[in-house]
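Hi everyone, thanks for coming. Let's take a few minutes to look at a structure that may be new to you.

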Amino acid sequence: MAAAQKHVLRVYVARDTALKLTLLERPKSVEELKEIMQERFKPRLDGDFSLHYEDPDFDGDLCLLVDIQELPEKGTLRVIRPEGDTSSTASSDTDLLPCVSALQRQKSWPDHFVVPGFDYEMEHILEEGNRVYEESGKLLKLKRSQKSEILKKMAEMIYSFKPYPHEKELAIAAKALITAHPCLRMTAGEDAELGWKRHIGYKVASYRNNLAKVGVAEVAINTGRRSRNNPNNDHPHQNIKKARKAEVNYIINLPKDQTPATLETMRVEIIHEVEKTERNQLVIGKLMNTTYALRRQEIVGALVAPRVRDIVDRWPALLMESQVFAEFHRINNVNLRNQFYKELDRHTPKLITLFRDKATKTGKIAEELAKLMMIYDLQSADCPDLTDTPVALLTVVTDDTIDAALFSPESICIVVEDEILVSGPTTLADSFLLLFGYVYALDLQYPKNLELTFTFIQKVVMCLEDNKPLKGRLLTLKNDLFNE
């Protein structure tokens, strides 16, 4: 009798969450395999899903697992959920992440900008131009219509990542263009991309104006500013509503199959569901996902920024930890918890070393640690004054001693706009993570006295790069962290 066939599988239950599954024998069917996985990975894996495996016959490309005989003895499976399914991937529902619509951005800016393709005629002209340039160094002279076509394609590509690119990003795009097609250089010097950068910037602005006229929300929100007919409105270049913390989907249009009235009905359904003793996390997640556009237009698009208390009264699901994490994912397409702790684990040893080195050089190790303890002590006051507190963590302890109780408090409260918003987790790291999620979900500005701290978390820990230069102290810290 043949020995039972053992299977060792790596199963991706979410985009960046893989779990190991060992089977002593092959299941009788794909459905039985799915039942085994749901039992083993409960409650990380629930709801409807299909399984895809990496087929070696197609160089590892994913194929739908239909026949159980195709199950590899050792390989990778991926869980694919139906579009719009927001099934939980963690017991606490804090990793309950929404699906990102294909119409939404996946990333704020690419690691390497790829020049878009052009039509057949334009590609042929550029190919011939590059050949002549390599042979004789002669630059290609474009007709006005040809140049306009190139600029339009570049503007569309840039807008697909960011509607309001920085100067640095325009320069990156211009450099990529003349690197791909050196015959397009306007000068022979090092600043060969400078002219293209300027022209691309103008074209992106023109492209934004055209989109605003047809009602694209993220640019239409900035129309109706000061003009000859509206002299009292805001200046065209002041108070522009745009992503300032590297948000990927800052504000989006309503779903095509929904209206403000239908989304308002869903908002009321969310309130009723949240008020229930036993909440249906899946229903709340789906409704919050569908109503995301309406919520962002209320938070970001209002002429006067709404009070946080008014926002959470209208959207009480934002008081749930799960939906703060989900909202962050909708905005940035990043798993807040996974990314934060992955980078925190990576940098903590070096941060501790840097802290001790700095304290040793000044000869004030005890003094530095005392300052740290004093900060924690200030958070444990019996009657804290929350006046002029934009965001904060308030630790609650029952003992009068200044010891480890401060590092493991009874509870930690999230403070926003001078009032306690919600009671958070009991660890400082988890509570800070939740506070960081609220900054994005509620479109809050970084508090001035903590701006460097939040910027460090955004750019270095969460890798949400906005291509703005880091300030001196942060740049030094970043360089020290990454220097071996």
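I'll start with the nonpolar cores and then turn to one histidine.

First, some housekeeping. This is a predicted model, where local features need pLDDT of at least 70 and side-chain atom pairs count only at pLDDT 80 or more, while totals for chains, interfaces and linings use all residues. Residues are numbered from 1 along each chain as its sequence is written, and side-chain values use heavy atoms, leaving out hydrogens and water.

So, which residues have the most contacts inside the largest nonpolar core? They are Phe436 and Met462, in a core of 59 residues. By nonpolar core I mean a set of buried Ala, Val, Leu, Ile, Met, Phe, Trp, Tyr and Cys residues joined through side-chain atoms within 4.5 Å; buried is under 20% relative accessible area, with a 1.4 Å probe and protein chains only. Helix α14, residues 428-441, gives the most to this core, nine residues; helices here are DSSP runs of H or I, at least four residues, numbered from the N terminus.

There is also a second, separate core of 23 residues, with Ile125, Leu151, Met154 and Leu184 among them.

Back to Met462: not counting residues up to four places away in sequence, its contacts (heavy atoms within 4.5 Å) include Phe328, Leu336, Phe340, Phe436 and Ile457.

Now the histidine. His166 sits in the loop between α3 (144-161) and α4 (167-180). Leaving out residues up to four places away in sequence, His166 touches Asp466 and Lys468. The side chain of His166 also reaches the backbone oxygen of Asp466 at 3.1 Å.

How values were computed: Helix = DSSP H or I, 4+ residues; strand = E, 2+ residues; numbered from the N terminus. Polar contact = N/O pair within 3.5 Å; in protein donor to acceptor, adjacent residues only side chain to side chain. Buried < 20%, exposed > 50% of the residue type's maximum accessible area, 1.4 Å probe, protein only.
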